[in-house]
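Student: I have a model open and would like to go through it with you. Could we begin with a single side-chain pair?
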Amino acid sequence: MANAVILGAGRLGKGFLGETLANAPRWHTTFLDKDAGVIRKLKETGSYHVQVYRKECIEEHEVSGYEAYETLLEPQDCHAIVYADLLFLSIYPQDFPEAIAYVKEIFKMRAKTNPNQKLSMLCLTNKNGMIPMIQDAFVKDMNEELLSWFMHQVVIRDTIIRRSTDADDHRSLNIRSTAVLSLLIQPPLTIDIADIEWLELCDDIAMLKDIKVFLVNGPHAASAYLGWYRGYTTINELLEDEDGAAFIQEVTKEIRAGILQQYPISEEQLDKLSVFPKAKGDMPDTVYRVGKDPLRKLSYDDRLCGSARMCKAHHLPYEHIVQAIAYGLLYDEKTDEAAMQMQMLIQEKGIIEAVHQICGFSYQDDLLKEICSWYVRLKNK
Ligand SMILES: NC(=O)C1=CN([C@@H]2O[C@H](COP(=O)(O)OP(=O)(O)OC[C@H]3O[C@@H](n4cnc5c(N)ncnc54)[C@H](O)[C@@H]3O)[C@@H](O)[C@H]2O)C=CC1
Ligand SMILES: O=P(O)(O)OC[C@H]1O[C@](O)(CO)[C@@H](O)[C@@H]1O
């Protein structure tokens with residue numbers, strides 16, 4: 001038996017990781033979450049349901065046989081991490097500092113009581129470049145003994161997520177997930193994962209992650225923001241709208257051209273990385289999830305501004321990407337905290353200052369001017 005711990009038992013934690021581990025008999029899964037509501041629901045029923053949209057069929061999977069604990073530093077949750085072989089951190093980038101502090105506390109126990117078992121930690125986010133920060137946060141203030149244990153026994157690896165997994169909210173026990181491409185994982189790991197479906201080791205993760213976030217998540221975020229502008233609640237509705245689909249195709253075309261100039265990757269490799277085979281049926285994917293946190297999604301290096309800068313640097317067209325950013329700045333979903341902060345900033349400081357602060361462009365940058373001009377046009381339409 002091998003032990004997997006999923007920290008962050010939300011949509012992806014349950015709908016992808018928990019579901020795929022449940023198909024691998026060697027693995028025992030423990031979910032950890034800071035939200036008592038998530039854990040209460042998982043324990044109450046002892047099972048949850050995932051609708052898996054595969055290429056061949058839509059599978060109905062009742063997942064059970066797991067343990068679930070709140071992250072309280074009590075014996076049960078500590079025990080799970082002390083004996084884990086694989087620890088998935090399936091949380092948003094801003095949640096890492098708190099999660100690291102928690103795991104680090106348990107590492108003190110693990111180093112003493114179970115020092116010889118190795119551990120691979122896999123970080124599941126759409127943000128590139130986080131691993132050095134995570135590594136530094138772990139080693140900061142470790143005493144010599146703990147540091148030596150950590151450096152010999154623990155590896156922290158980045159991943160590229162090629163899945164959409166959605167539900168009514170993160171507590172839901174009814175999840176849907178499109179399973180057509182694997183999770184790419186930076187090697188080497190400290191344990192063999194060949195028996196887990198949809199997990200695949202892959203070199204050049206940093207470069208490929210940049211590319212994937214630009215080419216897959218860029219158009220996807222554009223779909224959410226244009227979808228919101230047009231009053232849709234799912235990405236599916238926008239893509240069924242001929243005009244909406246055509247706009248997203250243009251965004252994709254611009255980003256793809258930029259990538260082919262910027263990175264040493266062939267068209268064939270690019271397709272392998274980023275073209276999702278058609279699943280049986282279209283999984284409903286909400287504008288809410290895909291658009292969530294526009295402050296991160298519209299930041300300088302992220303999917304849309306990063307893509308626009310790349311195209312501009314190569315003197316390639318980027319006008320649809322710029323329009324998508326402007327749609328993003330109009331995103332005002334009331335239950336999205338970051339969207340509300342963004343709207344407050346625009347209201348208080350004006351669009352020029354907001355774009356400068358959110359997207360990171362200088363006041364002189366043509367991109368800032370073009371984004372602002374599109375924003376005004378779209379707002380007044
Ligand atoms: N759902 C999806 O299809 C995809 C998600 N991702 C990424 O995967 C990560 C997770 O996304 P989702 O599962 O959709 O989010 P979610 O919001 O559904 O779930 C996140 C869970 O993590 C828990 N959590 C947050 N901080 C924690 C902490 N310090 N300790 C313990 N639990 C904590 C929350 O309570 C929540 O249950 C994010 O980085 C997201 O960008 C990336 C691609 C696809
Ligand atoms: O998880 P994030 O970064 O908030 O963005 C959601 C994006 O992640 C994905 O689920 C997969 O990368 C896309 O479907 C979607 O565009």
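Tutor: The side chains of Asp-158 and Lys-209 meet in a salt bridge, at 2.9 Å from N to O. The term denotes a side-chain nitrogen of Lys or Arg within 4 Å of a carboxyl oxygen of Asp or Glu. This is a predicted model: local features need pLDDT of at least 70, side-chain atom pairs count only at pLDDT 80 or more, and totals for chains, interfaces and linings use all residues. Side-chain values use heavy atoms, without hydrogens and water.

Student: How is the chain divided?
Tutor: Domain 1 covers 2-203 and domain 2 covers 206-379; such bounds come from an automatic or database domain assignment. The contact (heavy atoms within 4.5 Å) takes 31 residues from domain 1 and 28 residues from domain 2.

Student: How many salt bridges are there between domain 1 and domain 2?
Tutor: The count is two.

Student: Which elements give two or more residues to the side of domain 1 that touches domain 2?
Tutor: They are strand E8 (154-160), strand E9 (164-166) and strand E10 (174-178); strands are DSSP runs of E with at least two residues, numbered from the N terminus.

Student: What area is buried between the domains?
Tutor: About 2400 Å² is buried between domain 1 and domain 2, and carbon and sulfur atoms give 58% of that. Buried area is the accessible area (1.4 Å probe) that two parts lose on being put together, summed over both.

Student: Changing topic, how far apart are the C-alpha centres of domain 1 and domain 2?
Tutor: Those centres lie 28 Å apart.

Conventions:
Residues are numbered from 1 along each chain as its sequence is written. Chains are lettered from A and ligands numbered from 1 in the order in which they are written. Helices (H or I, at least four residues) and strands (E, at least two) are DSSP runs, numbered from the N terminus.
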